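Please look over the model with these notes beside you. Take the points in order, and keep the 3D view open as you read.

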Amino acid sequence: MLLTVTDIRKTYTTADGPFAVLQGVDLSLDAGETLALTGESGSGKSTLLHLIGGLDAPDAGQIMLNGVDIAALDDAGRARLRRGTVGVVFQQFNLIPSLKVADNIAFQARLAGQHDPDWAATLADRMGLGPQLGKYPEQLSGGQQQRVAIARALACKPRLVLADEPTGNLDEATAETVMDLMLELVAETGAGLLMVTHSQALAGRMSRRLHLRAGQIA
Ligand SMILES: Nc1ncnc2c1ncn2[C@@H]1O[C@H](COP(=O)(O)OP(=O)(O)OP(=O)(O)O)[C@@H](O)[C@H]1O
């Protein structure tokens, strides 16, 4: 199993007191599988994705990724694992404004010491980004920026791709094209995909779907 999440708990401290957003979440994902995570706004979807991506640590529970318990790693260990094993795509693209498209695509793979120029070029080509490689993110449309973000996430050949509303900022037609490309490339690499979405149509394109409600998988 690529990913096994067991009894994950997370409580935020807020001005109104403790808020238990995740109260014992279990899920698993195999390589080559695509999983949609749905749930009302505020149900904890992004929180769960961040924990699985090692961007934050749970209060309790186990997250086994590729045989490693990431919940037991320190910050540096989580960062290393994340760079080499996980590719993340956010709704807001999160490109680096001062870097050209080509360098944005290569950024994470370089950090992980896994930059493969041929693979980066293949991704850019498949994403239709050839003419944009020398441009800066601000010179690109939203759809083009999200294709750069997806290429960047896939450039380190991740075993797991995490996507948080990846097409939430795009118009319907662009969203469909971008999603087609992402699903195609994820399928070709054999990675697992966990995608947070509010779109039932999008969730229907995944091999499985889970719904988060009241801190647990419903
Ligand atoms: N760092 C934080 N400190 C305190 N509360 C937080 C923090 N991050 C998130 N929350 C709260 O935890 C809850 C879950 O947030 P989260 O972003 O995970 O939900 P979500 O399901 O992804 O929502 P949406 O669909 O609106 O993006 C929300 O009520 C949010 O206000």
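Which element gives the largest share of the shell around the ligand? Keep that in mind for point 2. Note that this is a predicted model.

1. **Overall build.** The protein chain holds seven helices and 10 strands. Its C-alpha trace spans about 50 × 35 × 35 Å along the principal axes. The radius of gyration is 17 Å; a compact globule of 218 residues would have a value near 17 Å, so the two agree. Buried residues make up 41% of the 218 residues. Now take the contacts with a separation of 6 or more: 72% of them involve residues 24 or more positions apart.

2. **Who supplies the ligand shell.** Here is the reply to the opening question: α1 gives the largest share, three residues. Helix α1 covers residues 45-52.

3. **What the shell is made of.** Find Tyr12, Thr14, Phe19 and Val21 around the ligand. Then find Gly39, and go on to Ser41, Gly42, Ser43, Gly44, Lys45, Ser46 and Thr47, which also surround the ligand. By class, the shell has eight polar residues, three nonpolar ones and one charged one.

4. At Leu3, look across to β4: Leu65 stands opposite.

5. **From β4 to β5.** Strand β5 covers residues 68-69 and runs antiparallel to β4, with two bridges between them. The two strands form a hairpin with two residues between them. In this hairpin, Asn66 takes a positive phi near 55 degrees.

6. Is Gln200 buried or exposed? Gln200 is found in helix α7, residues 200-203. It has 10 other C-beta atoms within 10 Å. A residue with 12 or fewer counts as exposed, so Gln200 is exposed. Gln200 and Thr38 are 162 residues apart along the chain. Their C-alpha atoms, however, are separated by 8.4 Å.

How values were computed:
Residues numbered from 1 in each chain as written. Predicted model: local features only at pLDDT ≥ 70, side-chain atom pairs only at ≥ 80, totals over all residues. Near = placed C-beta within 6 Å. Helix = DSSP H or I, 4+ residues; strand = E, 2+ residues; numbered from the N terminus. Nonpolar A, V, L, I, M, F, W, Y, C, P; charged D, E, K, R; others polar. Buried ≥ 20, exposed ≤ 12 C-beta atoms within 10 Å, placed from the backbone. Pairing = 2+ DSSP bridges. Rg over C-alpha atoms; globule rule 2.2 N^0.38 Å. Contact = placed C-beta atoms within 7 Å.
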